[in-house]
Amino acid sequence: MAALPTPRRLCRSVVVTGSNRGLGLELVKSLATLQPAPDHVIATCRNPENAQELQMLSKTYSNIRILPLDVVSEESRQELVQQVEALVEESGLNCLINNAGINISATLEEVTAEAMLRVYETNTVAQLMVTKAFLPLMRRAAHRHNGMGWHRAAVINMSSISASMQLVREGEMFLQVYPYRIAKTALNMVTRCLAADLKPDGILCISLHPGWLKTDMGGTYADMNVEDPIPSIISLFQRIGEKDNGAFLNWKGETVPW
């Protein structure tokens, strides 16, 4: 007798940072149209009034809520948490996707301390601080369910294969992005630390390489259109569990070397 498929576990609330374009925008679109879909798909960006595509999506799908967030501002982070709490109430927040980020291209000859610190603040420190701000809501959600996964509470840190120390190769083009790849490598350590600290709470944390995508950050040399990996990413969200806690995975669910 054939084994029955594993039932999909429903995530009722998700926050996606950096949702005004690229991967974040595509994730919001796909999450809003899932069957069944989360009750709350909370899309954040610095200037919602300028996010025309996101605004159009929110008019089409009633479960999308657009809220402002400047990830490097503590005041903005706390205001967002208060707004999200008003939406999710006692159910808490099931899933946080830390997608917001910036890229400053710089070779060894071009890199400056200013560039390094700016990218590190946005791509590493801010991800940790956003997660920390949401922990009370995520713990509230985790206390309502068993197991580990996005149906309970999960933090997804958007990383990059360029962050892999084991995959650095002489002459590769990723060497032109010192600030970005080093900040993402540090983000991977944030993931490992969070996974260990939050495991007793039942909150899962992973780093995810979504693929090299043709976005404003990924550039025109990337090998995939931004919508290509989305079905696989959503499928991965639905099946990650305790065995994946602290892992560095790609969009197919394969392990990426640290």
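Axes here are lines fitted to C-alpha atoms, for helices over the stretch in contact, and angles run from 0 to 180 degrees between N-to-C directions. Helices (H or I, at least four residues) and strands (E, at least two) are DSSP runs, numbered from the N terminus.

The model is predicted: local features need pLDDT of at least 70, side-chain atom pairs count only at pLDDT 80 or more, and totals for chains, interfaces and linings use all residues. Residues are numbered from 1 along each chain as its sequence is written, and side-chain values use heavy atoms, with hydrogens and water left out.

**The sheet**

Two strands pair if DSSP finds at least two bridges between them.

Strand β2 (residues 40–45) pairs with β3 in the parallel sense over 5 bridges, and C45 has P68 in β3 as its bridge partner.

Buried means under 20% relative accessible area, exposed over 50%, and partly exposed in between (1.4 Å probe, protein chains only).

**Helix pairs**

Two packed helices are described by the angle between their axes and the distance between the axes. The table gives these values for two pairs.

| Helix pair | Angle between axes | Distance between axes |
|---|---|---|
| α4 (residues 113–142) and α5 | about 20 degrees | 8 Å |
| α1 (residues 22–32) and α2 (residues 52–60) | about 5 degrees | 11 Å |

The angle of α4 to α5 makes the two helices roughly parallel. Angles under 35 degrees count as roughly parallel, over 145 as roughly antiparallel, 65 to 115 as roughly perpendicular and the rest as oblique. The crossing of α4 and α5 is right-handed; a crossing is right-handed if the near helix is turned clockwise from the far one by less than a right angle, and left-handed if anticlockwise. Residues of α4 in this contact include M116, V119, Y120, L128 and L135, and those of α5 include I182, A186, L187, V190 and L194. By class, the contact of α4 with α5 has 16 nonpolar, 4 polar and 2 charged residues. Ala, Val, Leu, Ile, Met, Phe, Trp, Tyr, Cys and Pro count as nonpolar, Asp, Glu, Lys and Arg as charged, and the others, Gly among them, as polar.

Helices α1 and α2 are likewise roughly parallel to each other. Their contact brings L25, V28 and K29 of α1 against E53, L54 and L57 of α2, a set that divides into 4 nonpolar, no polar and 2 charged residues. Because 8 of its 11 residues are buried, α1 is largely enclosed by the rest of the structure. The buried residues of α1 are L23, G24, L25, E26, L27, V28, L31 and A32.

**Individual residues**

Residue A115 lies in helix α4 and, at 10% relative accessibility, counts as buried. Not counting residues up to four places away in sequence, A115 touches I104 and P179. The C-alpha atoms of A115 and Q238 are separated by 36 Å, the two residues being 123 residues apart along the chain.

Residue N99 is placed in the loop between β4 and α4. With 12% relative accessibility, N99 counts as buried. Leaving aside neighbours within four places in sequence, N99 is in contact with T17, G18, L23, G24, Q127 and M158.

Residue V72, in the loop between β3 and α3, counts as partly exposed at 33% relative accessibility. V72 touches R77, E121, T122 and A126, not counting residues up to four places away in sequence.

Terms used: Contact = heavy atoms within 4.5 Å.
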